[in-house]
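Dear colleague,

I am passing on the structure we spoke of, with notes on what was found in it. Please have the model open while you read.

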Amino acid sequence: MRTSLQKVAGPALRGLHTITSAPRPPRTQRCFHQTTLTFLPRKRSFFSSNQLLSNSHKADGSPPAEDAELVNDPEPRQRNKASAAPSKRKPVRGSAAATLRLGLAAKQPKHSSIAARKDAEPEKDYRRIISSICVAQSFDMEAVQEILRFHAFELDPDGTDFDPSGVVHARGINDGDIFVFPSGTVVAWSVPPDTLESLATKQLLRAAELPHINRLEVEELEFVTDEARDTSYMKGEVVVLGTRAQELENNRLDTTFAKIAFSSGLARSPKLAALENLAIDYFENSKNSLNFLEGGLDHKLRRSSVLKLTGQLLSLRSQLNHYSDITDQLPDMFWDSESNLENYYNQISTVLDIRQRIGILNRKIDYGFENVSVLREMVSEKSGHRLEWIIIFLITIEVMFELRRVYREEFSEAKEG
C-alpha cells in the first residue's frame, strides 16, 4: 500500500515542480463582450421637446434608418469626417418676429471705412460707380476752388452757374465728375476709388475744417445710362441717367443737373453716418457713469465731466440741425431750378432712408440729454449737500465759541461774587 502510494505521489510531485519552474506563456486578458446596444448613440428624439425630432420615428414604432444600420452592424465604424455626407435634414426655422427681434434680418448699412470696403468687397468697375466720402465737418469753398484750379481741374465745365458756396463741380482728365459740398463731403462719378481718396484726404485737406481722416465714411451706388430717356430716375438702388440730349445734341447740361441733384442727396448719407458714429462713441463713453447708477454706487462725477458731456451733445445736435443742410427738405440751390431736380433729390433721399435716420438720431440725442440732466441734478445735489455740511460745521464752531464766552462770563461772575 505504501509502495503504490509512493509510486503515484512521486511523479505527481515531480510534475508539480516542473510546472512551477517552467516559464509560463502570457495569458491573454479576456475583455467583457460589448453588446450591440452599447454602441448605439443617444437618440436625438430622447427627451426632446422639438416636434421635428420627436416625430422622426415612424408610426409603427420602428427605429430610424440610422439606428437600424447600427443594429445590423454590431462592429463599431470609424467615420471619416472629411468624407461624411452633409445632413439632409433642414434646420428648424425660427419665427420672423424672433429673427427681427434678434436683429438678424436687419439690413446692413453700406457706409464703411475705405480699408474695410477694400477687403470685404470685390473690385467693381469704377466707371459705373458713384462714390461719396465724408472727411471733415465742413469745407472752405473758396479754398476748395483754389486747390482744384492748382491741380488743373476744370471748374463748372458745363456752365451750370450754381453758387460755388453750395457746390463746386470739377472734371478731371478721365472725364469723371467731382462735386464738392460745404458739408465736408466729396461725391465722384466714374472716378477710381484711390484717386477720390487721395483727392479728399490729401489735396482738399487744406480746405477742411475739423477733419476726421481716421473716421472716414464712404457710400457707394451704381448708375447706368439710358440713351432713350430725357429724364432720370431711381430703379431700386441704381441711378438711371437719361442721356438722350447728350447723345443726340452733345449737350451735357441736363445730365450734369441730374448728377448734381443725385450727388446732393447722396452726400447727406456719409455725413449722417459720421454723426451716427459720434453718437455711438458718446453713449459708449457715458456708459460707465450709467452703470454706476444702475448698481446703486456713488460715482465720483465732476461738474467739468458733466459740462463736457453736455457740450458734446450740443455740438452733435448743432452739426445735425444747424451747421449743415442735412435736414433741409430741398437745398437752396434747387429753388430756382427745374422741378425734376427736386424729384431726383427726393428719390435718392428716400432710397437712403435719410429722414428716418435723422429722426432716429434726434431721438437718441434727446435720450442723451435726459441722461445728462439726471447726472447734472446729481452733481448739483451733491454740491448742495457739501455746502450744507460746511454751513453746519461753521454754525457748530460759532456755537462752541458762544458757549465758551457764556461759560467765561458765568465763571467770572461767580468768582467775583
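**Overall make-up**

Of the contacts in the protein with a separation of 6 or more, 70% are between residues 24 or more positions apart. Please keep in mind that this is a predicted model. The protein has 417 residues, of which 32% count as buried. Its secondary structure comes to 14 helices and 10 strands.

Eight strands make up an open sheet with mixed pairing, and their order is 3-4-5-6-1-8-10-9. The edges are strand 3 (154-155) and strand 9 (233-235); each has a single partner strand, so one side of each has no neighbour in the sheet.

Within the sheet, strand 5 (residues 177-181) and strand 6 (residues 185-189) are antiparallel and pair over five bridges. In this pair, Asp177 is opposite Trp189 in strand 6. Helix 10 (residues 253-285) packs on the sheet, where it touches strand 1 (129-134), strand 4 (168-171), strand 5, strand 6, strand 8 (217-226), strand 9 and strand 10 (238-242). The direction of helix 10 makes about 135° with that of strand 6.

Strand 10 has pairings in both senses. With strand 8 it runs parallel, joined by five bridges, and Asp226 stands opposite Gly242 in strand 10. With strand 9 it runs antiparallel, joined by three bridges, and Val240 in strand 10 is the bridge partner of Tyr233. Strand 9 and strand 10 form a hairpin that leaves two residues between them, and Gly236 in the turn has a positive phi of about 70°. As for burial, strand 10 is mostly covered, with four of its five residues buried.

**Helix 7**

Which residues of helix 7 (residues 141-150) are buried? They are Met141, Ala143, Val144, Gln145, Ile147 and Leu148. An α-helix has 3.6 residues a turn, so residues three or four places apart point the same way. The cover over the buried residues of helix 7 includes strand 2 (136-139), strand 3, strand 4, strand 5 and helix 8 (193-201). After helix 7 comes Ala152, with a positive phi near 65°.

**Loop residues**

Asp156, in the loop between strand 3 and strand 4, has a phi near 45°. Its relative accessible area is 27%, so Asp156 is partly exposed. Asn250 lies in the loop between helix 9 (244-249) and helix 10, and its phi is about 55°. With a relative accessible area of 66%, Asn250 is exposed.

Ile213 belongs to the loop between strand 7 (208-211) and strand 8. The C-alpha atoms of Ile213 and Ala136 are separated by 7.5 Å, although the two residues are 77 residues apart along the chain.

**Helix 12 and helix 14**

Two packed helices are described by the angle between their axes and the distance between the axes. For helix 12 (residues 303-321) and helix 14 (residues 354-416), the axes come within 10 Å and cross at roughly 160°. Helix 12 is therefore roughly antiparallel to helix 14, since the class covers angles over 145 degrees. The crossing of helix 12 past helix 14 is left-handed.

On the helix 12 side, the contact consists of Arg303, Val306, Leu309, Thr310, Leu313, Leu314, Leu316, Arg317, Leu320 and Asn321. They meet Ile358, Leu361, Asn362, Ile365, Asp366, Gly368, Phe369, Val372, Leu375, Arg376, Val379 and Ser383 in helix 14. Sorted by class, this contact of helix 12 with helix 14 has 13 nonpolar, five polar and four charged residues.

Regards

Methods. Residues numbered from 1 in each chain as written. Predicted model: local features only at pLDDT ≥ 70, side-chain atom pairs only at ≥ 80, totals over all residues. Heavy atoms only, no water. Axes fitted to C-alpha atoms, helices over the stretch in contact; angles between N-to-C directions. Parallel < 35°, antiparallel > 145°, perpendicular 65-115°, else oblique. Left-handed = near helix turned anticlockwise from the far one by under 90°. Contact = heavy atoms within 4.5 Å. Nonpolar A, V, L, I, M, F, W, Y, C, P; charged D, E, K, R; others polar. Pairing = 2+ DSSP bridges. Buried < 20%, exposed > 50% of the residue type's maximum accessible area, 1.4 Å probe, protein only.
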